[in-house]
Amino acid sequence: MASGEAIRRRRECVSCGYRFTSYEKIDEKPFMVVKSDGKRREPFDRTKLERGIVRALEKRPVSPSMIENIVNDIEDQAIMKGKTNREILTSELGELVLKRLQQVDKVAYIRFASVYKHFENLDEFINEVNSLEGEKSE
């Protein structure tokens, strides 16, 4: 395993003298996302995170390298937040995305928020836009 994922060791049996090679690999507990019901968990999926961000930023003036940076930042923040128990709530992950999109592109923020916050009607949508406008004037 030349990729650096394992440690190669040459060993020798103390009773018969047979020499052999063994490989040791770290078996790391995966970083998990706790679903909104609080019971189900699934492994953190960077691709899923990126897909949601790309969809929110679709046809917006944001470069692919900027999207990559956004995904990296959110992934790093999520891992730091869930450092002790190796998991993060979907609500916390969603808030990290919203916070970052709000800094980058207000339209993408509203797009993501409309799905994430499950807007039921036009009033909720308008209230969210107004709250963004209120933050800008402060």
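A polar contact is a pair of N or O atoms within 3.5 Å. In this predicted model, Asp105 provides an example: its side chain reaches the backbone nitrogen of Val107 at 3.0 Å. A polar atom of the Asp105 side chain also lies 2.8 Å from the backbone nitrogen of Ala108.

Asp105 sits in the loop between helix H3 and helix H4. Helix H3 covers residues 90–104, and helix H4 covers residues 106–116. The relative accessibility of Asp105 is 7%. Buried means under 20%, so Asp105 counts as buried. Leaving aside residues up to four places away in sequence, Asp105 touches Leu57, Arg60, Pro61 and Val62.

The chain as a whole has five helices and five strands. From the N terminus on, the order of elements is β-β-β-β-α-α-β-α-α-α. The radius of gyration is 22 Å, well over the 14 Å that the globule rule gives for 138 residues, so the chain is more spread out than a compact globule. Along the principal axes, the C-alpha atoms fill a box of roughly 80 × 35 × 25 Å.

Of the 138 residues, 28% count as buried. Contacts between residues at least 6 apart in sequence were also examined; 39% of them join residues at least 24 apart. The accessible surface comes to about 10,000 Å². Carbon and sulfur atoms account for 51% of this surface. The chain carries 26 positive and 25 negative side chains. The centres of these two sets lie 6 Å apart.

Conventions
Residues numbered from 1 in each chain as written. Predicted model: local features only at pLDDT ≥ 70, side-chain atom pairs only at ≥ 80, totals over all residues. Heavy atoms only, no water. Helix = DSSP H or I, 4+ residues; strand = E, 2+ residues; numbered from the N terminus. Buried < 20%, exposed > 50% of the residue type's maximum accessible area, 1.4 Å probe, protein only. Polar contact = N/O pair within 3.5 Å; in protein donor to acceptor, adjacent residues only side chain to side chain. Contact = heavy atoms within 4.5 Å. Rg over C-alpha atoms; globule rule 2.2 N^0.38 Å. Areas by Shrake-Rupley, 256 points an atom, 1.4 Å probe, with all protein chains shown as cover. Lys, Arg positive; Asp, Glu negative; His and termini not counted. Charge placed at Lys NZ, Arg CZ, Asp CG, Glu CD.
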